[in-house]
Amino acid sequence: MSIYTIEYTDPVCAAPEPGYTDNLLPGTRDWKGWDTGTSARDGEYRGLSVLHRDNRQSAALANIASYTGMTLEPGTAYTMSFYACGSGKLSSYVHPDVSARVYWQDGAPAEGNTRPDAWTERTLTAEWRRYTVVFLTKASGTMDGKAFLLRAEPGCEARVAGAKLEEGENPSPQWSPAPGELAAEPAYVLDLDTETAPVACDAFGNPVSTGVLATSAATVYRGAATDTGWTLAAAFTGCGGTLDTSTGLVQVTSVTADRATVAVTATKAGHDTLTAVMSLFKVRPGADGAAAVIYTIEPAVSNITKSVNGELTNIPMNMLGCRKYKTVGGASRQETFEKCLAYRHEGQGVDTTEKVLSASGTAATAMATVDPRAEAVVFTLYDGDDRGVVLYRERVPVIADFGGLALSGDNLALDTATAWQLGGGKLKGTNPHALYGTEDIAGGTTVTVSFDYDITGLTFGTGGYIVVCGSPYFRSVEMSRRFAANGSGHSKATVTLGSTVASQKKEIGTRIKTVSVTGAASDAHVRITNFKVEKGPYETPWRPNARDYSYIAEALRQGGSMEAGIVLTRLLQLGYTDASGTFRTTAGMNGLVRDAANPGDLALWMGGGMVDAAKDPVNGAASAWRHDGTGYAAHNTVRFKERTVELGEGMVLDDRELALLDEDDRRKLVISRESVGVPSEYLTNASEAVYAQVPTGNAETYTDEDGWYFGMETDETPVGSYAVTPGSRMTARVSSLRRFVHGHWEGDGVADSDEAWTEGRPFESDVELIFREHGVAEDRRSVPFVPTSASGMYAEYEARGQVVYEARTAGTLAVSVRIRPTMLTAVLSQEKLSVGASITIDGSLGRKYSSLTKIGSDGVVSVWPNSAMLITDESFIARVGNYGIRIDPENGIRINRGNGWVDL
């Protein structure tokens with residue numbers, strides 16, 4: 001069996017991009033709002049403004065572009081990317097004090113990069129590439145006011161375009177604009193074609209006409225196209241009339257107030273309410289009984305359309321005309337030179353100062369220069385040049401025109417993942433050469449054709465050129481400029497396809513046409529990469545045709561089984577093309593692992609795009625498995641962790657037990673293969689003396705022995721080790737009796753006499769108890785010896801008392817004892833020293849878990865805030881508050897009435 005290794009090749013992106021995500025950087029199409037310093041504007045790449053910085057003659061770093069003011073989230077993955085070409089080293093940063101770790105750079109895992117500014121560098125090439133860095137922000141700290149920076153290192157010449165910062169891990173990002181910039185979702189606008197309407201009246205204010213006095217058509221636009229499904233309503237104030245909710249036509253049939261309004265609203269589920277207002281005012285005849293005179297204005301268009309590239313598409317040279325009209329009585333309206341016409345812009349970042357277009361007596365028509373950034377242009381007709389009395393006002397909104405652009409950027413050309421190349425030996429003057437095929441595209445469709453090209457070693461005769469064009473099926477329409485010299489670069493052209501020729505359908509597609517071009521050198525060629533044909537007048541980044549990912553398409557077309565094996569080194573996406581022609585990803589496999597130490601990338605997914613629901617619950621796939629063996633199913637309801645399985649928000653399963661959790665993740669019900677344990681494991685609260693465990697111990701440390709010096713220090717002797725819980729109390733009881741016999745002292749002026757002991761040589765010593773717990777400093781307590789009787793020959797001293805110690809941790813408490821002297825004196829005779837220890841562990845059932853019912857292999861335990869019960873084959877314990885009952889073979893039946901356990 002043959003094995004084919006297929007490598008997805010794209011000089012810009014590492015793998016097909018499943019979709020666009022929001023760009024957190026504004027102004028990246030044209031660098032507006034960025035600090036570009038002395039970087040020069042140098043044309044466009046893929047419709048994006050290029051910045052050029054030549055730092056080849058400098059020994060210092062040079063900033064190319066920076067943007068400050070980003071707010072990031074702690075402990076979150078982000079992807080930064082940009083197009084660049086040139087020579088030398090270019091570095092990128094997100095700073096200051098942002099990054100905990102960079103783990104992906106330019107198509108490969110990044111090892112050991114913990115720079116807090118997410119610094120990375122790369123050596124540029126003459127070919128444009130999209131460079132990518134994935135980093136993780138620090139888990140805590142301020143993430144406001146951060147900056148994105150591109151910098152040319154000494155000796156570098158760089159051209160950059162299309163910067164992007166997006167949340168999430170995306171090793172193959174595509175440029176997209178920031179939310180709110182025109183390439184995002186088009187805005188909805190409610191427009192009235194007549195916003196101001198004068199009503200001619202007699203001297204008493206009664207309309208001189210009957211029937212319909214004024215009309216206005218209400219339309220909802222989404223971008224430049226009308227949008228349906230809206231419910232229209234109208235509120236008439238100072239006037240009366242009707243609204244046809246199906247056509248949007250407002251008809252005013254009566255006017256009672258001198259100034260009246262019609263407020264039209266449009267509502268639709270899931271959208272904000274839209275509002276537009278039509279104003280009406282009465283116009284009365286002059287004092288001498290002359291007919292009423294009405295002045296109006298009419299802009300050349302009712303709305304201005306703006307392309308995704310920010311161009312105003314329906315007014316030439318950004319000039320919008322507006323005309324003044326005058327109507328006398330019932331006569332037809334006429335153009336007029338009278339009155340003052342002014343205009344102003346609305347919107348953020350534009351000059352909103354009102355400017356005079358046509359003063360009284362100058363011109364009937366005037367042209368306003370429209371700022372492409374404006375949201376609307378407002379024309380106002382004034383009674384005089386002082387602009388005091390308003391006669392008429394018309395607002396012209398600016399709306400986004402997407403011209404059929406699909407944000408998915410579907411490529412209609414086929415098999416474009418493979419570069420197309422034609423050797424110079426095949427160029428012999430004037431010839432057509434098949435380029436890439438395409439899907440069926442209707443004649444008259446507007447498309448944008450883009451590609452990267454490299455033309456090397458060719459000879460161009462007089463008038464010679466190379467051009468990309470459509471096949472005869474598309475009437476051979478030219479799809480690029482004519483290349484008349486060797487060189488490389490990027491081409492983009494928007495064309496309207498010619499009417500199709502049915503007889504040529506078998507040759508549907510694109511061609512390279514050469515005119516008077518030859519190539520003799522061995523390296524002479526024409527090379528085309530990243531070829532794309534897409535509907536609409538705008539270019540989006542390259543991706544292959546969604547239907548034919550060419551490395552498996554032909555095999556799949558054969559149907560049945562494939563005898564040859566296929567090794568996919570990156571990504572396989574499965575899906576379908578919907579009725580609108582958009583490819584929808586529904587499942588897939590991914591072989592890319594960006595961090596070998598933490599292989600959390602999706603390996604298999606289904607029910608959506610390649611999005612992990614653990615990171616994006618809204619857009620995540622329904623089920624998925626990761627390269628580290630973890631995964632989820634049923635929209636992340638069932639989660640397969642490293643050693644456990646989580647079911648919903650309240651169940652956890654491992655290899656030993658199943659637990660139900662409460663809202664605080666405490667185990668409420670546990671079904672386990674383990675033992676429920678013994679009563680002492682569940683005892684905690686020392687204030688509730690429900691059950692007491694009392695182990696005791698006696699240590700006969702010393703017996704009668706001659707020859708010891710009085711008060712001699714001894715080594716520690718263990719008393720015992722005890723299992724305790726926090727709050728457990730140990731009472732250590734010490735009892736001893738010593739008889740000290742007078743000896744023969746010498747020196748220091750002390751005579752041998754029976755009175756020597758009582759002449760100022762008292763015995764000073766004690767019994768020392770040492771308590772030790774893990775992780776806690778040892779605690780030493782003393783019980784002193786005190787005299788009980790004395791005679792001339794001996795004295796008796798006794799240590800008797802108790803020490804209480806309270807445990808601070810759960811674990812083992814070790815206790816030992818020793819004799820600790822403070823002075824050395826005569827020979828002693830010791831009768832007996834004993835130490836007895838009592839450990840009292842008081843408390844309620846419930847140490848292991850704060851509140852639960854556990855069904856184990858040998859019993860059941862249930863613990864609640866005020867009650868508890870433990871049932872095993874050997875014992876039964878129950879309590880309510882401070883009252884309890886215990887039954888076991890060793891102790892029989894015991895009860896606790898709140899003051900300790902007693903036999904029943």
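**Salt bridges, a buried serine and model confidence**

Lys326 and Glu338 form a salt bridge in which the closest N and O atoms are 2.8 Å apart. Lys326 belongs to strand β23 (residues 319-328), while Glu338 sits in the loop between β24 (334-335) and β25 (340-346), so the pair ties together parts that are twelve residues apart in sequence. The model is predicted. The protein averages a pLDDT of 76, and 75% of the residues score at least 70.

**Overall make-up**

- The protein contains one helix and 62 strands.
- Of its 904 residues, 46% are buried.
- Taking contacts between residues at least 6 apart in sequence, 68% join residues that are at least 24 apart.
- The accessible surface comes to about 42,600 Å², and carbon and sulfur atoms account for 51% of this surface.

**Salt bridges**

- The structure holds 31 salt bridges, one of them being the pair Lys326 and Glu338.
- Both partners of that pair are partly exposed: Lys326 has a relative accessibility of 23%, and Glu338 has 31%.
- Lys164 forms a salt bridge with Glu166, with 3.6 Å between the closest N and O atoms.
- Lys164 counts as buried, at 1% relative accessibility, and Glu166 also counts as buried, at 1%.
- Arg344 and Glu346 meet through their side chains in a salt bridge, at 3.7 Å from N to O.
- Arg344 is partly exposed at 26% relative accessibility, and Glu346 is partly exposed with a relative accessible area of 22%.
- A network of salt bridges links Asp42, Asp54, Arg56, Glu157 and Arg159.

- Ser81 lies in strand β5, which covers residues 77-87.
- The relative accessible area of Ser81 is 0%, so this residue counts as buried, the cut-off being under 20%.
- The side chain of Ser81 makes a polar contact with the side chain of Arg130, at 3.0 Å.
- Apart from neighbours within four places in sequence, Ser81 is in contact with Arg130, Tyr131, Thr132, Phe148, Gly162, Ala163, Lys164 and Pro173.
- Among these contacts is Lys164, the residue that forms a salt bridge with Glu166.

**Nonpolar surface patch**

- Met589, Leu604 and Trp625 make a nonpolar surface patch of about 270 Å².
- Met589 is found in strand β39, which covers residues 583-590.
- Met589 has a relative accessible area of 40% and is partly exposed.

**Confidence**

- Against the average pLDDT of 76 for the protein, residues 403-408 have a pLDDT below 50.
- Where pLDDT is low, the predicted coordinates should not be read in detail.

Key: Residues numbered from 1 in each chain as written. Predicted model: local features only at pLDDT ≥ 70, side-chain atom pairs only at ≥ 80, totals over all residues. Heavy atoms only, no water. Helix = DSSP H or I, 4+ residues; strand = E, 2+ residues; numbered from the N terminus. Buried < 20%, exposed > 50% of the residue type's maximum accessible area, 1.4 Å probe, protein only. Contact = heavy atoms within 4.5 Å. Areas by Shrake-Rupley, 256 points an atom, 1.4 Å probe, with all protein chains shown as cover. Salt bridge = Lys/Arg side-chain N within 4 Å of Asp/Glu carboxyl O. Polar contact = N/O pair within 3.5 Å; in protein donor to acceptor, adjacent residues only side chain to side chain. pLDDT = per-residue confidence, 0-100. Patch = residues over 30% accessible without salt bridge, like charges linked within 9 Å, V, L, I, M, F, W, Y side chains within 5 Å.
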